[in-house]
Amino acid sequence: MILVTGGLGYIGSHTVVELLQTGNDVLVVDNLTNSSLEVLDGIERASGKRPLFECLSLNDKMDVKYLFNNYEEIEGVIHFAAFKAVGESISEPLKYYDNNIGSLVNVLQYVDRLNLEIPFIFSSSCTVYGEPDSLPITEESPTKKASSPYGNTKQIGEEILFDAVRSNSNLSVIVLRYFNPIGAHKSMEIGELPLGTPQNLVPFMTQTAMGMHKRLTVFGDDYPTRDGTCVRDYVHVVDLAKAHIVALQRLVGKKNEQNYEVFNLGSGTGKTVLEIISDFKKVSKVNLKYKMGPRRQGDVIEAYADVTKANSVLGWKAQFNVKQAIRSAWKWERKIRNKN
Ligand code: WQD
């Protein structure tokens with residue numbers, strides 16, 4: 001059975017669907033602070049199977065003790081459980097360190113204590129690179145001081161895992177550094193469910209197109225890029241989910257070359273904010289209202305992945321292009337607002 005922590009979140013739920021559809025038994029643990037039980041129903045409708053579920057807080061040692069004492073057949077862990085709002089992490093850093101670091105350490109301590117020889121997949125982020133010195137970004141690109149406590153918890157999480165692997169030869173880890181996940185599952189039973197006003201570009205854009213916001217503000221048009229707006233690497237969330245299956249199979253099949261490996265997960269293509277808006281207009285036929293505004297603090301100018309390692313070593317490549325991902329995001333937005 002595969003333990004998926006944070007399995008009712010955006011990337012977590014899409015990964016659980018892929019795990020179930022590839023014949024895995026799955027136990028989802030989620031504290032429901034950033035998700036809801038309806039996502040569990042959506043996973044069942046999307047995959048035809050219902051995972052086991054426990055509502056637990058992994059930064060609570062008693063909850064983790066209950067988990068590992070009641071589920072002895074855990075054969076692998078995919079760890080998504082973390083708060084992920086960059087802005088909130090700046091205003092509430094201790095909440096982020098307690099939850100994101102505490103949860104990871106508690107789970108690793110039990111894996112260690114029970115001497116479990118199991119694969120561990122860690123959900124990390126391109127945010128660990130900060131403003132890259134060169135592009136595209138490879139796994140050897142230097143990590144920079146994180147621009148937010150959220151990003152710092154990802155960097156610290158990677159360092160904790162590196163040290164844990166060094167001290168425990170039973171532990172094998174793959175760190176997956178996501179670029180910008182967007183889109184929704186083709187079943188339209190699961191997708192992105194931002195709590196409150198979304199900070200991310202694509203959900204804010206689709207909500208604006210639904211009339212939920214007056215207009216989209218483009219955060220800065222004076223960057224040194226081809227059209228003055230920031231460049232990002234947008235990747236379909238289902239492609240990202242499938243990468244977790246490939247990474248898990250790599251460790252289960254002991255195909256890994258080291259016990260600690262890192263892979264960038266992106267499309268390998270950078271798109272500016274204005275290009276994303278243009279793609280959305282073509283896909284949705286909606287004349288999206290937007291205006292130019294000031295830069296957003298903490299944004300990097302340009303970030304997109306070199307996916308050579310994921311393609312050649314992991315054997316993973318994104319199958320959807322950005323327009324397809326945007327189309328699925330728009331279809332999902334209309335579905336959850338009951339407008340088909
Ligand atoms: C993309 C671009 C904005 C909203 C964040 C986290 C990262 C990861 C992915 C978790 C930027 C611009 C956005 C808007 C805009 N999250 N934008 N108007 O910042 O690249 O990455 O989400 O792991 O850790 O930092 O994604 O979607 O917020 O922004 O112009 O209303 O869109 O300035 O250039 P980002 P994003």
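Me: Among contacts in the chain between residues at least 6 apart in sequence, what share joins residues at least 24 apart?
Reply: This is a predicted model, in which local features need pLDDT of at least 70 and side-chain atom pairs count only at pLDDT 80 or more, while totals for chains, interfaces and linings use all residues. Residues are numbered from 1 along each chain as its sequence is written, and side-chain values use heavy atoms, with hydrogens and water left out. A contact here means heavy atoms within 4.5 Å. Among the chain's contacts between residues at least 6 apart in sequence, the share that joins residues at least 24 apart is 80%.

Me: How many helices and strands does the chain have?
Reply: Helices (H or I, at least four residues) and strands (E, at least two) are DSSP runs, numbered from the N terminus. Counted in that way, the chain has eleven helices and 13 strands.

Me: Why is the chain said to be as compact as a globular protein of that length?
Reply: The radius of gyration is taken over C-alpha atoms, and the globule rule is 2.2 Å times the number of residues to the power 0.38. For 340 residues that rule gives 20 Å, and the chain counts as compact because its own value is close to this, at 19 Å.

Me: What share of the residues in the chain is buried?
Reply: Buried means under 20% relative accessible area, exposed means over 50%, and partly exposed lies in between, with a 1.4 Å probe and protein chains only. Of the 340 residues in the chain, the buried share is 55%.

Me: Is L20 buried or exposed?
Reply: L20 is placed in helix α1, and, leaving aside neighbours within four places in sequence, L20 is in contact with V26, I43, S47, K49 and P51. Because its relative accessibility is 3%, L20 counts as buried.

Me: How far apart in space are I301 and C230, C-alpha to C-alpha?
Reply: I301 lies in the loop between β13 (290–293) and α10, and at 24% relative accessibility I301 counts as partly exposed. Leaving aside neighbours within four places in sequence, I301 is in contact with several residues, among them E131, Y223 and C230. I301 and C230 are 71 residues apart in sequence, yet from C-alpha to C-alpha their separation in space is 5.1 Å.

Me: How many residues of helix α7 are buried, and which elements do they pack against?
Reply: Helix α7 covers residues 201–209 and is mostly covered, with nine of its nine residues buried. Among these buried residues are L201, F204 and M205. Those that they pack against are β7 (180–182), β8 (216–219), β10 (234–236), α9 and α11 (322–336).

Me: Which residues are joined by a cis peptide bond?
Reply: Most residues other than glycine have a negative phi, and most peptide bonds are trans. P136, which lies in the loop between β5 (119–125) and α6 (149–167), takes part in a cis bond with an omega of about -5°, and the residues joined are L135 and P136.

Me: What is the phi of L32, and what is the phi of K285?
Reply: L32 is found in the loop between β2 and α2 and counts as partly exposed, at 26% relative accessibility. K285 sits in the loop between α9 (273–284) and β13, and with a relative accessible area of 72% K285 is exposed. Neither residue is a glycine, and phi is positive in both, with L32 at about 60° and K285 near 60°.
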